[in-house]
Amino acid sequence: FPTRRSSDLFLSTGLENWFSQRVKNALDNSLAVAQAYLQEHKENIRADALAMAADLNRESANLDFSPSRLRQVVNAQAALRSLTEAIVFDASGQVLARTGLSFTMEVEQIPVDALERAASGEVVEVTSDTDDRVRALVRLDGFGDAYLYVGRFVDAKVLGYMEHTQNMVAEYQRMQRERSGIQITSALIFMIVALLLLFASVWIGLALANELVAPIGRLIMAADRVRAGDLLARVPEDGPDSDEFVMLSRAFNRMTAQLD
């Protein structure tokens, strides 16, 4: 039982180290840094989309009737702001202009609620935490019912680290919620092991005691027979010559033989 208490103390100390405030802060800070990186890119793409929309609106009178000129300006504006993809489309979903690297941008993939929010004048982020790019959608007032949809790639490694950190934080929080259960289960395991060791010790002790008591019992029974007049009583002499009980049994047998 002292061993069990020591084991409980060891486990409790280990859990305290695992769930210390320092470990929690390290995980939270790692996640915060990754989220801040992505949030910065989201804010930048919103600002770039708004600025590019303002430039296109100012040139709308010259661009509305010239698709080739519109494509040139869209490409120039995207390159100026380091945007890897950009498209301009109208309310029917027809693409009016797109940059060369925007082949993965499809109007049909834009959520309906994002289009509704953009139609009301909001700059909408169309990005999830698992994407390898950030995108924004904004209405172009100078082109009637048209929209600008832009995107920029972000470092996939950082997003991978963020996803991994999110999983680690979730697992850490799950283990923290199950902390008391882990302690109780571990304490029960230590108790069962301690009881098994105790039972094994008792069993071994009883087995050794039986080995010691059996020769004595045979000597007592043989002595009772001699006392009753049976001088032919003998005890087994099995065992090594150096064994004390064997030596005692031989002496007893010599004595009864001499008496006989």
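A: Two strands are taken to pair here if DSSP finds at least two bridges between them. The model is a predicted one, and its confidence is highest in β1, at 90, whereas helix α1 (residues 2–18) has the lowest, at a mean of 51. Where pLDDT is low, the predicted coordinates should not be read in detail. Over the protein the average pLDDT is 78, and 78% of the residues score at least 70.

Phe89 belongs to strand β1, which covers residues 85–90. β1 runs antiparallel to β2 (residues 95–98), and three bridges join them. The two strands form a hairpin with four residues between them, and in its turn Gly93 has a positive phi of about 95°.

When the whole structure is searched, one aromatic pair is found, and it consists of Phe89 and Tyr147, whose ring centres are 5.6 Å apart and whose planes meet at 25°, so the pair counts as stacked. Because Tyr147 sits in strand β5 (residues 146–153) while Phe89 sits in β1, the pair ties together parts that are 58 residues apart in sequence.

Are these two residues buried or exposed? The cut-off for buried is under 20% relative accessible area; Phe89, at 1% relative accessibility, is therefore buried, and Tyr147, at 6%, is buried as well.

The surroundings of the pair can be followed through the nonpolar cores. The largest has 25 residues, and among those with the most contacts inside it are Leu140, Leu148 and Val150. Elements that give two or more residues to this core include β1 and β5, although α2 gives the most, with six residues. Apart from this core lies another, of 12 residues, and Phe89 and Tyr147 are among its members, as are Val107 and Leu137. In soluble globular proteins, nonpolar side chains tend to be buried together. Leu140, of the largest core, is in contact with Tyr147, and also with Val88 and Leu148, among others.

A polar link also reaches this region: the side chain of Arg135 makes a polar contact of 2.8 Å with the side chain of Glu85. Arg135 lies in strand β4 (residues 133–140), and at 11% relative accessibility this residue counts as buried. Its contacts beyond its sequence neighbours include Tyr149, Val150 and Gly151.

Key:
Residues are numbered from 1 along each chain as its sequence is written. This is a predicted model: local features need pLDDT of at least 70, side-chain atom pairs count only at pLDDT 80 or more; totals for chains, interfaces and linings use all residues. Side-chain values use heavy atoms; hydrogens and water are left out. Rings of Phe, Tyr and Trp (its six-membered ring) pair if their centres lie within 6.5 Å; planes under 30 degrees apart count as stacked, over 60 as edge-to-face and the rest as tilted. Buried means under 20% relative accessible area, exposed over 50%, partly exposed in between (1.4 Å probe, protein chains only). pLDDT is the predictor's confidence in each residue, from 0 to 100. A polar contact is a pair of N or O atoms within 3.5 Å; within protein, one must be able to donate a hydrogen and the other to accept it, and residues adjacent in sequence count only if both atoms are side-chain atoms. Contact means heavy atoms within 4.5 Å. A nonpolar core is a set of buried Ala, Val, Leu, Ile, Met, Phe, Trp, Tyr and Cys residues joined through side-chain atoms within 4.5 Å. Lists of a residue's contacts leave out its neighbours within four places in sequence.
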